Amino acid sequence: MESTQVSGECRAETGESGCCVTCAPAPAAETTPAALSVTHGVERGGDLPALPGRVEMTGEASAEMLALVRRFCAGDREAGEKLPRVDASFLPAALYPYRDAAKVRSDYPLLLSADAEGVATCTPIADCLTSLAAAVAPEADQGRVLKDNLLRLEQEVRSLCAGKTGASPASETLEAASRLLEQKLALKGESGRQLHMDLAALVKTVPGGALLLPMSEQAALEMYLFAARGVTQARSKALAGSVKSLRGRLRDLLALERGKGAKAGGEERLARAVGGAGHRLDAGALARLLDRSLQKQTADTARCQRLERVLGELDKFLSAPIGGLVHVISAGERSPLQGEAGVRWLSGGLDPCAAAGAVFDEVARAYTSLFVAMRSARLEIEGAYDPRRHESLATMFDWRSFSPEELRQLPPVLVIEEQDTLANRNMRSLSRLLLSGRPVDVMVLVSAATDPGASPGEAMGRYRLELAYLAMGHREALVNQSSCAAPTHLLEGFARGLSHDASALHVVMSPTNSRGGPSAVGPWLFGGAALEARAHPVFHYDPQAGRTWAKRLDFTRNPSPESDWPACEIGFRNASGEACALTSHFTFADFALLDGAYADEFRILPTGLDSPSLFEAGEYLALDPSRSQDAVPFVWAADGQGVLHRVAFTRRLGFVCLDRLDFWHTLQELAGVRNEYVRQAVERERSAGEADFARQRKELEARHAAELATVREQTAGEALQRLAAALVNTDIGAFAGAAVTGAPVATAPVANVTTAASAEPLAAPAPPPAATEEAAEPAEPWVDTVLCTSCNDCININSRMFKYNANKQVVLGDPTAGTFAQLVQAAEKCPARCIHPGKPVNPSEPGLEALIDRAKPFN
C-alpha cells in the first residue's frame, strides 16, 4: 500500500515539517506472504540469500565425505560430530525473505464482530480499515487524507496491539490509534479538520461489541468464546421470545377455558376485545350468540390446572432466565481470560472430559422442565394434548429426549485439554464423551512438530498419533482440525461445533514451538509453514453435512491439496551476484528447521560435494524404498549471514516426513482427491481401451493384408492377359525390318484373349525387406498429451520441463531444463504412461546406462 500522489499544485495544508503530509510517501509496505502459501512470492533481485562458489574436492576426498554423510544419515552420532551443525539462525530458504518477523504483515490483529443472529466473523485489520474507510468516504474524491494514511493508521493499531495476549475493544483501540496518527501528522487547517472528522466517523462505523484480537497462545480460545457468547446471547433472546409468545397464547386459551359455562361479558367487553374493527360488527348480536354457546359448555378443571402449571413454568423462566453463560472446564493453570463476562470457569480436576459430562447434565436438567412446558403448551394450543400419553412421557423426559433445536438452545460447554494428558491418561474419557452424544466441545492445543503419543523426551515417533483422525472414528462427532494461521477456517469450525447436536473436537495448532517458546519467524509464519509442510493440515469433518465421506470431509483450504508437497521457487544470488531461482518443495523437513527439537537431525553439506546420491527432500521422499537406502536427502536453508546451504537430514527425520505424507494421502483419499479406487478404475478403463484398440488394429491390419493380396493377384492376372494378347497379335517380321530401318513397329490392338499362359498364376512379387524385430526408439522425448490425467506428478518433478496446456494436460516444455533422470522418473510415475523419455541429450550425464534401460519400456 502506498500513499496517493496528487498531481499538480498541492492544495493541502502543511504540517509542522513544512511539507504536505498527504503528498509525502507513506511508510514502506511490510512484507506480506500469501494467505496460506507462505513460501510463495519470492521476488528475484530483492533481499536474496547468496549461494557461495563451488569449492572443488578431489575424487578421494569427495568419496570420503559422502561416506561420512551417509553414516550420519543412517544415525551414526560419531559421524555427525565431524560435520558442521546448523544453529538457530538457519531458516528454510523459502522463508528467508520473511526472516524479520516484525516486518511481516499478517492478518492479525483480527476484527471479531457478530451479526444480529450472533454469527461471528473475523476480518484482517488491513481489510477492516479499507472497508471502514469505504463506508465513511464511498466516493473516490472523498476522504482523500484518510485513505492516503490508512497504512499509517494500520501501523498504529498494530503497535497498540503488539505484546497483548488478549482482545481489546475495537472502537477504543481505533480511537487511540486515530489520536496517535493525528499527533504524528500534525495537520493544520482544513486537511486536519477533515481528517479528524473522517477518523471520528470511522470509529463510529465499527460494529458494536467488536474486538481486536492479536495472535497469541490465547487467540483460539478467545475466538471460541467470542463466537460462543454471540450465539448464546442470540439464542437466549430467541428462546425468550418463543416463551413469551407461548405464554400469551396459553393465557388466552386458559381464559377461554375458564369462560365456559359463563356469559361472554356484554357488548362493551366484546367491543374492546375486537379492537379497532368493532364498528364493523354487531357486538350485541355477537354477545348473545356467544352466551348461548358458552352456557352449553362446561370448563375442564383438570385442563385449567395443567394450563396454570405450564404458565407457571413459563413465567418462572421469564422472571429468572437460565442460561446465557458459556461453561469452560479446564485442568490447567488459571487462564488470563478468567473473569470475562458471560463465561463460567470450572475446574475439571484430573479428568476434564468426565467433569464436562457432569456439567452438561446439570445444565440440561435446568432446561428440562422448561422444554416440557413448551411442548405441553404447543400441544394444548393445537388441541392435541392427551393426558394419558403425554404425562407419562414427561416423567421420562431428559436431555436424550431433546430435539436438535432444543439441544442447540443449551448454553455451550467447553473442555480445554492438554495434548499429553488427552493422548494418554484421559483418552478413554474423551472417547466416552464423543460417543455419548452430549453437545460438548473439546479444544486441545497441539504442537505440529511433536507427537502427542511419543515417549517422554522424544519429539516424534515414527508414526504420529492423530487425535483428529482418531475422533473421526467416533463417526457422529464433529472434528475441526485448524490453526490460528487460518483464522477464517478456525472460526468456521467453531461455528459448526456450536450448531452441532453432538460432541465436537477442535484440534488447534499451538503457535509456539515444541518447547513452548516463540519461533524465529513469529507465530503467523510458523503456523503457515506447518500448513505448507503437511505438519498440521486443516480440515472439517461434519457428520451432518451428508452421508458420504466426500460431503463430510472438507480439506480444500490446504495449500496445493492435490500435490504431495507444495512447490516453491527459491530466489538466490550466485557467485557473480546475479539473481537466480531454483524450484524446490516445502516438506516437513523444511518445517523441522524452525523447531529446535530437530536441530540434531541436520548437518551442513560442503559446497564442493557432488554426487548422484544427493536428492532434494521432495525428490528423496518420492523414491522407491529400495533406492532410498543409499540416498542422501537435503533441504535448502539460509543462515543468519544470508548464505545458502544444502543441509542433509537423517533417515529418522525422513521417516517422520513419510509419516506426514502418508497421513496426507489418507486425507486426500477420504476427501476424494487422488483416490486410489478412482485411479485403479481409470487404469482398468485405460487398459481395456488399449486392449480394444490393439484388437481393432490387428483386425484392420489383417483385413488390409487380405485386400492387398487380392488386389495384387487380380492386377498380376490382368497384366499377364494384356502381355499375352500383345504377343499373339504382333507381326514378328516387322521386328526384323525395324531392326534394319529403325522404323516403328505397328502392332494390332490388344484383344481380350485368354490364353493358356494367362490362366496360370503370376509369380508373387518379391517380398519387402524384412522388418527389424524392434522399431527404432525415438531419439527425442515426447508426450502423448491426450492421455494425460492432470495428476501433477511430472509438474512436481520439473515444472519447466513439463507444462500444462489450456486443457490442463501436460506438454513437453524445455527438454534441456532438466536431466534425463527426471524424464525417466516422470515416465515411471505417470499413471497414464504418456511420457516417452527418448534418448539422453547429455551423453555425460551420470548413470546413463541404467537410465536407458529404465526408459526402454516407455519408448
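Axes here are lines fitted to C-alpha atoms, for helices over the stretch in contact, and angles run from 0 to 180 degrees between N-to-C directions. Hello everyone, and keep that in mind, because two packed helices are described by the angle between their axes and the distance between the axes.

A word on the model. It is predicted, so local features need pLDDT of at least 70 and side-chain atom pairs count only at pLDDT 80 or more, while totals for chains, interfaces and linings use all residues. Residues are numbered from 1 along each chain as its sequence is written, and side-chain values use heavy atoms, with hydrogens and water left out.

Now the overview. The protein chain has 30 helices and 23 strands; these are DSSP runs, numbered from the N terminus, with helices being H or I of at least four residues and strands E of at least two. Of the 859 residues in the protein chain, 45% are buried. Buried means under 20% relative accessible area, exposed means over 50%, and partly exposed lies in between, using a 1.4 Å probe and protein chains only.

Let's start with helix H3 (residues 125-136). At what angle do H3 and H5 pack? The angle is about 130°, and their axes are 10 Å apart. That makes H3 oblique to H5. For the cut-offs, angles under 35 degrees count as roughly parallel, over 145 as roughly antiparallel, 65 to 115 as roughly perpendicular and the rest as oblique. On the H3 side, Ile 125, Ala 126, Leu 129, Thr 130 and Ala 133 meet Leu 150, Leu 153, Glu 154, Val 157 and Arg 158 of H5, where contact means heavy atoms within 4.5 Å.

H5 (residues 150-161) also packs with H6 (residues 170-185), at about 125° and with axes 9 Å apart. So H5 is oblique to H6, and their crossing is right-handed. Among the residues that meet here are Leu 153 and Val 157 of H5 and Leu 174 and Leu 181 of H6. The contact of H5 with H6 divides into ten nonpolar, two polar and three charged residues. Here Ala, Val, Leu, Ile, Met, Phe, Trp, Tyr, Cys and Pro count as nonpolar, Asp, Glu, Lys and Arg as charged, and the others, Gly among them, as polar.

Next, H11 (residues 301-319) and H12 (residues 352-382). Their axes come within 9 Å and cross at roughly 135°, which makes H11 oblique to H12. Which hand does the crossing of H11 and H12 have, left or right? H11 passes H12 in a left-handed crossing.

Finally, find Asp 451, in the loop between S9 and H17. Asp 451 is buried, with a relative accessible area of 7%.

Key
Left-handed = near helix turned anticlockwise from the far one by under 90°.
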